[in-house]
Amino acid sequence: MSIPDDLLLDLATKVESEQTNQMSLTVVVHGAVITGRLAPESVWRQRVAEVLRDSDQLAPFAEIFSSPGRGDRQPAEAPSHLHFHVARILQGTLGIPETGGMYRIAVKDVSAWTVGDFSYSDK
């Protein structure tokens with residue numbers, strides 16, 4: 001999507017301003033369907049840093065996510081990325097990873113979206 005959807009940007013901005021991680025969303029990005037819950041960037045960064053710290057091999061990378069990063073964005077400025085947690089890429093009847101993952105998706109790459117997350121079943 002070359003021009004991001006204003007309504008999607010409003011949702012992402014609200015998640016950031018309210019610091020809530022309860023907004024379920026499903027997006028289509030380059031043909032992949034990703035479903036999960038949006039999280040504020042700061043919460044998402046913190047969780048990724050925790051996961052990396054728990055790894056002997058990846059612990060040195062945790063500090064990248066622990067730092068504020070490019071937090072130069074003003075509060076009124078719309079986010080450039082969506083930060084998903086407990087998210088899955090839907091592939092047929094499977095959700096990958098099964099337990100949900102952490103995804104950062106550029107808003108400009110979203111071609112379709114809907115509120116809510118999709119369930120899936122192998123039955």
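## Strand β1 and its partners

Strands β1 and β2 (residues 32-38) run antiparallel and are joined by 7 bridges. Strands here are DSSP E runs of at least two residues, and helices are H or I runs of at least four, numbered from the N terminus. Two strands pair if DSSP finds at least two bridges between them. The model is predicted: local features need pLDDT of at least 70, side-chain atom pairs count only at pLDDT 80 or more, and totals for chains, interfaces and linings use all residues. Residues are numbered from 1 along each chain as its sequence is written, and side-chain values use heavy atoms, with hydrogens and water left out.

Leu25 stands opposite Gly36 in β2. The hairpin of β1 and β2 has 2 residues between the strands, and His30 takes a positive phi near 50° there. β1 also pairs with strand β5 (residues 110-115), antiparallel, over 5 bridges. Here Val27 stands opposite Trp113.

Strand β1 (residues 23-29) is largely enclosed by the rest of the structure, because 5 of its 7 residues are buried. Buried means under 20% relative accessible area, exposed over 50%, and partly exposed in between (1.4 Å probe, protein chains only). Of the 123 residues of the protein chain, 32% count as buried.

Leu58 lies in the loop between α2 (41-53) and α3 (62-66). Leu58 counts as partly exposed, at 40% relative accessibility.

## The whole chain

The protein chain has 3 helices and 5 strands. From the N terminus on, their order is α-β-β-α-α-β-β-β. Take contacts (heavy atoms within 4.5 Å). Among those between residues at least 6 apart in sequence, 60% join residues at least 24 apart.
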